[in-house]
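Grab a pencil and work through these exercises with the model open beside you. Each task comes with a solution in steps.

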Amino acid sequence: MSGLQSLCLSHGTALLVGLLVLLYNEVFVYYINKATWQYPPRFSELREDSKVVRLLIAGDPQLQGYMNEAGGLIGWITRWDSDRYLSTTFHLLLDTTRPDAVIILGDLLDEGSIASDVDYLEYVKRFHQIFHVPTGTKLILLAGDNDIGGEEDDFITDKKMYRFEQNFGLLNEVIQVKHVDLIKLNLVAPFQGAPVHRTRQNQGLSTLKARLSAPIRVLLSHVTLDASILQTAAEILGTFRPQYAFSAHFHEYQRRFYNITRYLKTARLPEPAHPVTKQTLTQEYQVPTCSYRMGTAAIGYMLVTIDAAGEMSTSVVWLPSRYLYLGLYVVYLIVVVVFWLIPRACLRSRRHVVRW
């Protein structure tokens, strides 16, 4: 019986082991991951340094809703876990880096385009609870296809765009952060081939151009320039001639270069008569998703610094795989069940032998 007793006694440690697994998965793993973060040069300096713009950039958080999730308790748990992961990782990074601005490049909500007005307001409240920033830090939010439509049969409408602007800010605008102009553009419509909205947007390019005042220009959009209609991408590059661009949508980190002159020639567009600058090359960074629910193994945020001379440094802060650590709970439960079943199975077998 000593072997069975040792197994039975081990059951008493199940609660302690479970508590350790819980603490590791929900607390320690994030601080262990933090020790691996790489920062751009000068990012650790005080935010009040007027010579450096510090940006924290995220893509596709896609807060989970009700329609695409399981119902009942399971759905509540999956939404809660996803929200908690986003909040924990975001605020740990935010408190550590203290950026001048936080930029989220669209697809803020998973069901933003299809939600009822009642559900939409609840999603908005959850979003701002997760991604709230301190006073003095700008929060810049872009629209994605999950927010205003454009994916398959989910068409873009004026109502969806208006609802987004009422809760998250303008679709197209120029926001200045120190010596950098951040140019927000809604490229979802041209990406999905919506000609009415594309025409309206292109008519507003000159208005946005007139608002430029800083020497450094950074283009912000949900979809990449090369995923948009060629004519639209060329007009944008020719109008703003941004040194840098940031996009998301595809959930993976990539880097691209655009020759502005070549784009204009390919689209058969003339060079602007009075360009804002002689800039001829734009670097675009495709930011990874910050949500583990997007099905990609590599998830994270981008940290960016831009000095007064326009020199930019970047790094990707990779986050821990949530599914891996959720798997630890499964392993723990399997072990507990095995240790619970083995002694009972052996005991029944022993009793069976004694009877005979």
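**Exercise 1. Find what share of the 356 residues is buried.**

Buried means under 20% relative accessible area, with a 1.4 Å probe and protein chains only. By that cut-off, 49% of the 356 residues in the chain are buried. Keep in mind that this is a predicted model, where local features need pLDDT of at least 70, side-chain atom pairs count only at pLDDT 80 or more, and totals for chains, interfaces and linings use all residues. Residues are numbered from 1 along each chain as its sequence is written, and side-chain values use heavy atoms, leaving out hydrogens and water.

**Exercise 2. Work out which helix gives the most to the nonpolar patch.**

Start with the patch: about 990 Å² of nonpolar surface, with Leu16, Tyr24, Phe28 and Leu328 among its residues. Now the helix: helix 2 (residues 14–34) gives the most, with 10 residues. Leu16 lies in helix 2 and has a relative accessible area of 52%, so Leu16 counts as exposed (over 50%).

**Exercise 3. Describe how helix 3 meets helix 4.**

First, the geometry: the axes of helix 3 (residues 72–97) and helix 4 (residues 117–130) come within 9 Å and cross at roughly 35°. Next, the contacts (heavy atoms within 4.5 Å): Arg79, Asp83, Leu86, Ser87, Phe90 and His91 in helix 3 meet Arg126, Gln129 and Ile130 in helix 4. Last, sort them: three are nonpolar, three polar and three charged.

Key:
Patches are made of residues with over 30% relative accessible area and no salt bridge: like charges are joined within 9 Å, nonpolar side chains (Val, Leu, Ile, Met, Phe, Trp, Tyr) within 5 Å. Accessible areas come from the Shrake-Rupley method with a 1.4 Å probe; for residues, only the protein chains shown count as cover. A salt bridge is a side-chain nitrogen of Lys or Arg within 4 Å of a carboxyl oxygen of Asp or Glu. Helices (H or I, at least four residues) and strands (E, at least two) are DSSP runs, numbered from the N terminus. Axes are lines fitted to C-alpha atoms, for helices over the stretch in contact, and angles run from 0 to 180 degrees between N-to-C directions. Ala, Val, Leu, Ile, Met, Phe, Trp, Tyr, Cys and Pro count as nonpolar, Asp, Glu, Lys and Arg as charged, and the others, Gly among them, as polar.
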